[in-house]
Amino acid sequence: LPSQDAPAGLLSSFTASCVSGVTVVTQKPPVVTLRKGETATMDCNLGTVTDSAARWYKQTPGGVPQYILFFYHGDRSAFYGYGFYSPKFTSNHQSTSDYRLIINNVEEGDSAVYYCHTWDDSAKEELIVTGSGLSPPVLTVFPPSSAELQSNKATLLCLSSQSVPVSSGTTLSKISSYLDIQTSDWNMEKLYTCKVSLGSQTSEKNINKSACPTEQ
């Protein structure tokens with residue numbers, strides 16, 4: 001959900017061991033799209049850090065980061081920031097460096113950028129909670145260019161766009177995907193399908209050599 005690194009907001013009773021080099025914190029998936037009432041899960045890997053906690057922050061567009069919780073794998077429960085509580089927000093761990101944030105019974109107001117932060121680095125992930133009236137994604141598939149077809153390999157491009165209703169209005173979700181193919185397969189009229197799912201809506205579009213003129 002978006003912004004810059006958030007400050008650590010809570011002192012802990014344990015001592016973190018020193019780690020040399022750069023810590024790379026990663027989150028997955030990069031974007032989560034859910035309907036109201038569903039459960040969001042966000043995974044965070046702290047990289048080389050194995051004796052520190054994961055700190056989670058929430059930031060809505062134009063707002064400041066809000067401290068959600070602090071969770072250490074050696075503790076029984078999380079420590080919460082003001083306005084955040086269990087069981088709405090919970091956390092667990094799969095290893096000493098793999099943590100998960102769980103948001104139960106999501107609402108449109110939960111749509112935001114969520115940061116996973118440790119003492120050396122942070123990563124972000126976006127949650128989109130949709131209301132009613134979610135439309136299917138609009139797909140556009142582009143064929144290989146004539147220049148590409150002069151070689152053995154070519155590329156298909158699929159673009160997806162969708163207006164998603166959120167609490168502050170709407171947001172435009174865009175996804176692009178590339179597929180490398182053999183020129184010989186394209187010339188043999190093989191059929192290729194781009195399929196995109198966002199929330200409960202799914203769209204797909206087919207393409208082959210005769211269905212779409214070659215891009216110049």
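This briefing describes the disulfides and the nonpolar cores of the structure shown above. The model is a predicted one, and a search of the whole structure finds two disulfides in it. Counting the bonded cysteines along the chain, these disulfides follow the pattern 1-2, 3-4.

**Nonpolar cores**

- The largest nonpolar core holds 28 residues, of which W56, I68, L69, L101, I103 and Y114 touch the most other members.
- At least two residues of this core come from each of the strands β2 (31-35), β3 (40-45), β4 (54-59), β5 (66-71), β8 (98-103) and β9 (112-117).
- Another core, of twelve residues, lies apart from the largest one, and its members include I181, Y192, C194 and I207.

**Disulfide C44 to C116**

- C44 is joined to C116 with an S to S distance of 1.9 Å, and the torsion about the S-S bond is about -75 degrees, so this disulfide is left-handed.
- Because C44 lies in strand β3 and C116 in strand β9, the pair ties together parts that are 72 residues apart in sequence.
- Both C44 and C116 are buried.

**Disulfide C158 to C194**

- C158 is joined to C194, again with an S to S distance of 1.9 Å, and with -80 degrees about the S-S bond this link is left-handed.
- C158 belongs to strand β12 (residues 153-166) and C194 to strand β14 (residues 192-198), so the pair ties together parts that are 36 residues apart in sequence.
- C158 counts as buried because its relative accessibility is 6%, while C194, with a relative accessible area of 12%, is buried as well; C194 is also among the members of the twelve-residue core.

Notes:
Residues are numbered from 1 along each chain as its sequence is written. This is a predicted model: local features need pLDDT of at least 70, side-chain atom pairs count only at pLDDT 80 or more; totals for chains, interfaces and linings use all residues. Side-chain values use heavy atoms; hydrogens and water are left out. A nonpolar core is a set of buried Ala, Val, Leu, Ile, Met, Phe, Trp, Tyr and Cys residues joined through side-chain atoms within 4.5 Å. Buried means under 20% relative accessible area, exposed over 50%, partly exposed in between (1.4 Å probe, protein chains only). Helices (H or I, at least four residues) and strands (E, at least two) are DSSP runs, numbered from the N terminus. A disulfide is a pair of cysteine sulfur atoms within 2.5 Å.
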